[in-house]
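Keep the structure open beside you as you read.

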Amino acid sequence: MLNETQKVNESIWYNSAADQWTKALPMGNGHLGAMAYGGAEGRFDLSENTCWSGAPPENCLDENAKEYMARARALLTQNKIDEAETLIRKCSGIKGNYGTQVPMGRLFAGISEVPVKTDRQLNLNTGVCMDRLYYEAYEVTRESFISNPHKIMAVRLSADGETLPRSRVWAEGWSQPAHTKWQGDDLVVKGRALENIHSDGLHGVQYYIRLRINTDGRVSWSRQGMMIDDATSLTLYMTAVTDMYCENLEAHCIQILDNAENSTWDELYAIHTDEHSKWMDKCTLTLPGNDKSHLPTDQRIKEYGNDRSDQALVSLFFQYGRYLLMNTSRPDSLLPAALQGIWNDDRACRMEWTDDLHLDINTQMNYYPAEVTGLSDCTLPLFAWLKNKLCPNGKRIASDLYDSEGWVAHTVSNAYGWAAPGWDYSWGFHVSGGAWAAAHIWQHFLYTRDIHFLREYFDVLYGAGKFLRSILTEDPETGEWVANPSYSPENAYKI
């Protein structure tokens, strides 16, 4: 079992492999994500923050939407709610190829022999996942991490200086079309982010996964994948990218892997853990009470329901929340956090609400912990997306739907900066979603006092304010200025 020095309270650990996605351990670097299952199979479910189906919005409003909205707003001032709602329903967005974030693929770095027992842990401070497979005569250790400095996922299998049992390595697409092939010394997976629930099944980014294997063992090919025999060491380096922001996917991944191989495992490990821990060390929380970190995390949670003395568990989950944000949204992330962060279970993206950016509070909630827990710079991808994607589309919607200045976004948005109302009137007309997200710009300034940052993003704030000012209407009964239209996606209007 894990020794006492490894059962520190900065770790989440279990004495069995995960049998489902929600029990796997998350790793990430702000670009690439993986859920580590542990056990003999060595399964990792992969995701990447630009792996989206769909396409940039084009015609997402009825051609008469501006006229309908103007008439509806006039009716609202007359308290003719039913008539106004009938018109506003015609102003809903046209879903088209809205899309969703989808899983990227799976990686297997497994052992053919079934262990007597197993345990696994995720160290939140270092971002390293480690699991051990216990056999009668030896132990196999699997270490894995996803490095932000080197943009790779690294996995190493070792057996206490002994020869590893027969090992299996394989990579594949998941629920999207994909093809795996051997290319030189690397395993390559090419696929498309396609689904037909939130888009037409034909539009989505191309993705590319490249896996490099370093071993002193004998490599052969079987129906199960690459089999490695008689190895004393097995190291995998993997990287992935999509064509959302990259043109030459193959050259990009080869360069990253070549660069990683210029360093030893120990060097890559040290650089990763140093960079990761600097983020985590920006904030700590210590609470008085017992510390039951010697127990598996699932057992600690059960005991906490009966005995709330294990306040170290509260501290652990406080840090876990910071860990999830930091590994979803780094300063160099290409997109902000989606509904599930960077990780994707292939379920939320198949449901009615999609794995996107919900602006009616979920996106904001993702970033609420940032400023107050030392992760201020993790908000930068949100601001870049607001400025470069959401605002340009939001200006068009403000003009084409409300005949207003500034910019607007509603209940939901996506990687492409969707700003129109949702396609269902019952939840889609939250007119302050964009402004609510933009409020994080001011919050960031209050914490950093970075005037250069404020100058860069002031137009985003100003444009959101201009729109909100433009939809204010004087209430004829009270003389007060009220938002028109005003809508909550969580409540129906009661006459």
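## A strand with two buried faces

Val128, Met130, Arg132 and Tyr134 point to one side of strand E7, while Cys129, Asp131 and Leu133 point to the other, and all of them are buried. In a regular strand the side chains alternate between the two faces of the sheet. Please bear in mind that this is a predicted model.

How much of E7 is buried? Seven of the seven residues in this strand, which spans residues 128-134, are buried, so E7 is largely enclosed by the rest of the structure.

## The neighbours of E7

Strand E6 (residues 117-123) pairs with E7 in the antiparallel sense, over seven bridges. Within this pairing, Asn123 is found opposite Val128 of E7. E6 and E7 make a hairpin with four residues between them, and Gly127 in the turn has a positive phi of about 70 degrees.

Next, look at strand E8 (residues 139-147): E7 and E8 run antiparallel and are joined by six bridges. Here Leu133 stands opposite Val140 in E8. E7 and E8 also form a hairpin, with four residues between the two strands.

## The whole sheet

Where does E7 sit in the strand order? It lies between E6 and E8 in an open sheet of nine strands, ordered E1-E6-E7-E8-E9-E16-E13-E12-E11 with antiparallel pairing. Strand E1 (11-14) and strand E11 (178-183) are at the edges; each has a single partner strand, so one side of each is left without a neighbour in the sheet. From one strand to the next, the twist averages 15 degrees.

A helix comes into the picture here too. Helix H4 (residues 265-280) lies across E7, E8, strand E9 (152-158) and strand E16 (234-242), and runs at about 55 degrees to E8.

## A pair of packed helices

Now for another part of the model. Two packed helices are described by the angle between their axes and the distance between the axes. Helix H9 (residues 433-448) packs with helix H10 (residues 451-470) at an angle of about 150 degrees, and their axes are 9 Å apart. Because angles over 145 degrees count as roughly antiparallel, H9 is roughly antiparallel to H10. The crossing of H9 past H10 is left-handed.

Which residues meet here? On the H9 side they include Ala435, Ile441, Trp442, His444 and Phe445, and on the H10 side Ile451, Phe453, Tyr457 and Leu468 are among them. By class, the contact of H9 with H10 has 14 nonpolar residues, one polar residue and no charged residues.

Notes. Residues are numbered from 1 along each chain as its sequence is written. This is a predicted model: local features need pLDDT of at least 70, side-chain atom pairs count only at pLDDT 80 or more; totals for chains, interfaces and linings use all residues. Side-chain values use heavy atoms; hydrogens and water are left out. Buried means under 20% relative accessible area, exposed over 50%, partly exposed in between (1.4 Å probe, protein chains only). Two strands pair if DSSP finds at least two bridges between them. Axes are lines fitted to C-alpha atoms, for helices over the stretch in contact, and angles run from 0 to 180 degrees between N-to-C directions. Angles under 35 degrees count as roughly parallel, over 145 as roughly antiparallel, 65 to 115 as roughly perpendicular and the rest as oblique. A crossing is left-handed if the near helix is turned anticlockwise from the far one by less than a right angle, and right-handed if clockwise. Contact means heavy atoms within 4.5 Å. Ala, Val, Leu, Ile, Met, Phe, Trp, Tyr, Cys and Pro count as nonpolar, Asp, Glu, Lys and Arg as charged, and the others, Gly among them, as polar.
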